[in-house]
Amino acid sequence: MFRRLALAAVAPAAAVMFLATPAQAATPVATLQADIAKLTNVQRKSHGCGAVTVNASITRAARAHSVWMAKTGTFSHTGSGGSSFSARVKAAGYKKPGGENIAWGYRSANEVVQAWMASPGHRANILNCKFKTVGVGAAYTASGTAYYTQDFGF
């Protein structure tokens, strides 16, 4: 299976869940999202950063972007209507977006976090000690492929 990662650099200063059938989805979306946030904080702690707090507004933006990618088969930081991650996070009600990681094709929270940690740009987002909040979105295509978005805020 192909797996992809992409990164949005640090920014200058009502999503519908799209799920595969239960047989296709390896892990429920809510569990997957929570596990990614938890594993992100494990990495941050082990590298001397404080934990990020899950933020509902950022989570809405991340989830909506993952749903859009899964529905359209598009893998990009540029989202619906040409939106940037910064614009999506602000539109969801969070004023200080920080960075974004995206990925697709990984089967577990551990796999996607390990892949991000193995990629210098994604790792830099996860280990940016200035980030204080996070939102994670996951969505499955009809065939069960997962798309992930992890947005950070200051």
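Tryptophan 104 and tyrosine 147 are both buried in this predicted model. Their rings form a stacked aromatic pair, with 6.1 Å between the centres and 20° between the planes. Because tryptophan 104 belongs to strand β3 and tyrosine 147 to strand β5, the pair ties together parts of the chain that are 43 residues apart in sequence. Through ring pairs, Phe75 is linked with Trp104 and Tyr147 into a cluster.

The aromatic pairs number 4 in total. One of them joins phenylalanine 131 and phenylalanine 152, whose ring centres are 5.2 Å apart and whose planes meet at 15°, so this pair is stacked. Phenylalanine 131 is in the loop between α5 and β4, whereas phenylalanine 152 is in strand β5; the pair therefore ties together parts 21 residues apart in sequence. Phenylalanine 131 has 0% relative accessibility and counts as buried. Phenylalanine 152 is likewise buried, its relative accessible area being 0%.

Phenylalanine 152 is also among the residues touched by valine 134. Valine 134 is located in strand β4 and is buried, with a relative accessible area of 0%. Beyond four places in sequence, the residues that valine 134 touches are Val52, Thr53, Val54, Asn55, Ile58, Thr59, Gln150, Asp151 and Phe152. The C-alpha atoms of valine 134 and alanine 62 are separated by 9.2 Å in space, while the two residues are 72 apart in sequence.

Alanine 62 is one of the buried residues of helix α2, which also include Ser57, Ile58, Thr59, Ala61, His65, Ser66, Val67, Met69 and Ala70. Helix α2 covers residues 56–72, 17 residues in number, and extends 24 Å from its first C-alpha to its last, close to the 24 Å expected at 1.5 Å a residue. At the start of α2, the backbone nitrogen of serine 57 has a side-chain oxygen of asparagine 55 within 2.9 Å. Just after the helix, glycine 73 adopts a positive phi of about 70°.

The buried residues of α1 are Val29, Leu32, Gln33, Ile36, Ala37, Thr40, Asn41, Gln43 and Arg44. Their cover includes the helices α2, α4 (109–118) and α5 (120–126), together with the strands β2, β4 and β5. Glycine 48 follows α1 and has a positive phi, near 85°.

The largest nonpolar core contains 23 residues, of which Leu32, Ile36, Val112, Trp116 and Tyr148 touch the most other members. Two or more residues of this core are given by each of α1, α4, β4 and β5. Helix α4 supplies the largest share, 6 residues. With neighbours within four places in sequence left aside, valine 112 contacts Ile36, Ala103, Tyr106 and Tyr148. A second core, separate and made up of 7 residues, has Met69, Ile102, Ala139 and Tyr147 among its members.

Notes: Residues numbered from 1 in each chain as written. Predicted model: local features only at pLDDT ≥ 70, side-chain atom pairs only at ≥ 80, totals over all residues. Heavy atoms only, no water. Helix = DSSP H or I, 4+ residues; strand = E, 2+ residues; numbered from the N terminus. Expected span 1.5 Å × (residues − 1). Buried < 20%, exposed > 50% of the residue type's maximum accessible area, 1.4 Å probe, protein only. Polar contact = N/O pair within 3.5 Å; in protein donor to acceptor, adjacent residues only side chain to side chain. Contact = heavy atoms within 4.5 Å. Core = buried A, V, L, I, M, F, W, Y, C linked by side-chain atoms within 4.5 Å. Phe/Tyr/Trp six-rings, centres within 6.5 Å; stacked < 30°, edge-to-face > 60°.
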